[in-house]
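Me: Could you take a close look at one part of this model for me, the charged side chains that pair up, and then walk me through what surrounds them? I'd enjoy one connected account.

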Amino acid sequence: ALPKAMGSVLVKMSGSSDVLEAPGITEQLGKASNYVSNYRYVTDNDQTLLIVTFNQAALTRLLQETGQTHWVGKRPTTLFWIQVEGPNGDDVVSSTDTSMFHEELIKLSGVRGLPILLPLMDLQDPVSDDLSISENKLELVEQLKQRYGVSSVVVARIHEDANSESDESSWDSQWTFSVKGQNLTWDVQAHSEQD
């Protein structure tokens with residue numbers, strides 16, 4: 001349990017799961033007890049839980065010594081506007097959504113320690129035009145920054161691409177991450193919604 005818990009803490013400290021593959025980190029995970037400040041057991045509803053506190057200074061030194069990034073200071077809240085195109089039209093993953101996209105995003109942001117916002121989808125939210133057009137994406141980004149008072153925004157367009165020849169479908173997505181005046185874009189293709 002200790003190596004797994006230490007790995008989770010290192011992912012949050014660095015903001016990346018790649019840290020667990022770094023030389024030096026993997027061997028130290030086996031020595032996780034050396035990084036523990038204290039621990040205790042708590043019983044809750046007939047279940048025993050292990051509560052561990054790691055030595056932050058020691059973990060910071062480990063990240064530095066192995067050349068890994070340590071994210072210090074307050075992390076900016078990022079607004080995610082994820083538009084999923086389906087057979088019944090476009091849906092935007094909102095703060096009250098119950099879709100798999102919503103659940104995965106909340107789970108992954110918690111694992112990495114990244115504060116996120118999802119749109120309210122009320123009457124004050126902007127209406128998104130065709131997000132396959134770059135200018136529309138950038139205009140939406142600026143509207144969302146003003147509406148929610150955030151400095152970083154991720155806009156994604158996800159759609160299913162059914163291949164009629166093989167009866168297989170794939171999911172295509174286009175992503176734009178806007179932060180501090182820079183816009184990074186990339187495309188991802190996957191075999192399932194969850195991927």
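Reply: Happy to. One cut-off comes first: a residue is called buried under 20% relative accessible area, exposed over 50%, and partly exposed in between. Please keep in mind that this is a predicted model.

Let's begin with Arg147. Its relative accessibility is 24%, so Arg147 counts as partly exposed. Arg147 forms a salt bridge with Asp122, where the closest N and O atoms are 2.6 Å apart. This pair links distant parts of the chain, with Asp122 in the loop between strand 5 (116-117) and helix 5 (134-148) and Arg147 in helix 5, 25 residues apart. Asp122 has a relative accessible area of 33%, so this residue is partly exposed as well.

Arg147 also forms a salt bridge with Asp125, and here the closest N and O atoms are 3.2 Å apart. Again distant parts of the chain are linked: Asp125 is in the loop between strand 5 and helix 5, and Arg147 is in helix 5, 22 residues apart. Asp125 has a relative accessible area of 7%, which makes this residue buried. Through shared partners, the salt bridges join Asp122, Asp125 and Arg147 into one network. Arg147 has an aromatic contact too: its charged end sits over the ring of Tyr148, 4.7 Å from the ring centre.

The whole structure has 5 salt bridges. One of them joins the side chains of Glu85 and Arg157, at 2.5 Å from N to O. Glu85 belongs to strand 3 (residues 78-86) and Arg157 to strand 6 (residues 152-163), so this pair ties together parts that are 72 residues apart in sequence. Glu85, with a relative accessible area of 21%, is partly exposed, whereas Arg157, at 13%, is buried.

Rings pair up as well, and the structure holds 2 aromatic pairs. In the pair of Tyr39 and Tyr41, the ring centres are 6.1 Å apart and the planes stand at 85°, so the pair is edge-to-face. Tyr39 is exposed, with a relative accessible area of 55%, and Tyr41 also counts as exposed, at 57% relative accessibility. The other pair is Trp175 with Trp186: their ring centres are 6.2 Å apart and their planes at 5°, so this pair is stacked. Trp175 is buried, with a relative accessible area of 17%, while Trp186 counts as partly exposed at 38% relative accessibility.

The buried residues of helix 4 are Phe101, His102, Glu104, Leu105 and Ser109. Around the axis they cover an arc of only 165°, which puts them on the same side of helix 4. After helix 4 comes Gly113, whose phi is positive, near 70°.

Notes
Residues are numbered from 1 along each chain as its sequence is written. This is a predicted model: local features need pLDDT of at least 70, side-chain atom pairs count only at pLDDT 80 or more; totals for chains, interfaces and linings use all residues. Side-chain values use heavy atoms; hydrogens and water are left out. Buried means under 20% relative accessible area, exposed over 50%, partly exposed in between (1.4 Å probe, protein chains only). Helices (H or I, at least four residues) and strands (E, at least two) are DSSP runs, numbered from the N terminus. The arc is that of the directions from the helix axis to the C-beta atoms. A salt bridge is a side-chain nitrogen of Lys or Arg within 4 Å of a carboxyl oxygen of Asp or Glu. Rings of Phe, Tyr and Trp (its six-membered ring) pair if their centres lie within 6.5 Å; planes under 30 degrees apart count as stacked, over 60 as edge-to-face and the rest as tilted. A charge sits over a ring if NZ of Lys or CZ of Arg is within 6 Å of the ring centre and within 35 degrees of the ring normal.
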